[in-house]
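Subject: Structure handover

Hello,

Here is the structure for your files. Notes on its pockets, its cavity and one surface patch follow below.

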Amino acid sequence: MATKHLVLVAGNIGAGKTSLVTKLGETLRWRTGFETVETNPYLGKFYADMRSWAFHLQVFLLAQRSQLHIEAYRDPSSAILDRSIYEDYYIFARALHSLGNLSAEDLDTYSRVYKLVTTSLPKPDLLIMLKAPVPALLERIRSRGREMEAGITAEYLTLLDGYYDEWLHNFDVCPVLTISSGDLDYVNDPAHLDSVINTIQAKLSGRDELIFDE
């Protein structure tokens, strides 16, 4: 019987998380989990008035991601999730506070709830961190043409990158595999996808035969 794994994918906006999760799910027949935008009652309100709705949005996403995490852990098959719950506070809540959209009081309250939720979650087997240069991120964001992402700037992506570097430096929940995704095309190039899969499987088995530099 194959070993069950719970894998989370993290990375900046446009790094290729959804594409990677989709391809790995199809190829390896793993369960996949994605953030559901359509059922999010706060997203539209947030983009219309970030200061008023930032806290509500973060709490909703925390609940949504914790549910996905638990369901994936309980599923008998291996699972891979598009974005980790651990990014919610260390990346996005802190960025909202830095930009003046989340007060210090709200950030502190959210941090307490976040810690209560995440400390009770089962640990994943692997965190895949996708890294790409900011210009590549911007190009991908613009090419997919999502209206809600139209205002994303290079400055904002750079801010998030800094938080990601700080977070990963102290992250010890599970092993981390960092993959440089700027020049990868695992959607259209089977060789690229095979390389990524081989690297992930090596990491999950505890081998250091990694194709991509960490």
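Met-148 sits in the loop that runs between α6 (134–144) and α7 (154–170); helices (H or I, at least four residues) and strands (E, at least two) are DSSP runs, numbered from the N terminus. This is a predicted model, in which local features need pLDDT of at least 70 and side-chain atom pairs count only at pLDDT 80 or more, while totals for chains, interfaces and linings use all residues. Residues are numbered from 1 along each chain as its sequence is written, and side-chain values use heavy atoms, with hydrogens and water left out.

Surface patch

Met-148 has a relative accessible area of 37%, so it counts as partly exposed (buried is under 20%, exposed over 50%, partly exposed in between; 1.4 Å probe, protein chains only). Together with Val-37, Tyr-47 and Met-50, Met-148 forms a nonpolar surface patch with about 310 Å² of accessible area. Areas are from the Shrake-Rupley method with a 1.4 Å probe, and for residues only the protein chains shown count as cover. Patch residues have over 30% relative accessible area and no salt bridge; like charges are joined within 9 Å and nonpolar side chains (Val, Leu, Ile, Met, Phe, Trp, Tyr) within 5 Å. A salt bridge is a side-chain nitrogen of Lys or Arg within 4 Å of a carboxyl oxygen of Asp or Glu.

Pockets

On a 1 Å grid over the protein atoms alone, a pocket is an open set of points with protein on both sides within 12 Å along at least five of seven lines; a cavity is a set where a 1.4 Å probe fits but cannot get out, and lining residues have an atom within 4 Å of a point. Points are joined across faces, edges and corners, and a volume is the space filled by probe spheres set on them.

The largest pocket holds about 1300 Å³. It is lined by 44 residues, with Ile-13, Arg-83, Arg-144, Arg-146 and Glu-149 closest to its centre. α3 (50–74) contributes the most to this lining, 5 residues.

The second largest pocket has a volume of about 330 Å³. Among its 15 lining residues, Tyr-86, Tyr-90, Tyr-114, Asp-172 and Val-173 are closest to the centre. Its largest share, 4 residues, comes from α5.

Cavity

There is 1 cavity of 30 Å³ or more. The largest cavity has about 70 Å³ of space, and its lining includes Arg-65, His-69 and Arg-83. α3 gives the most to that lining, with 3 residues.

Regards
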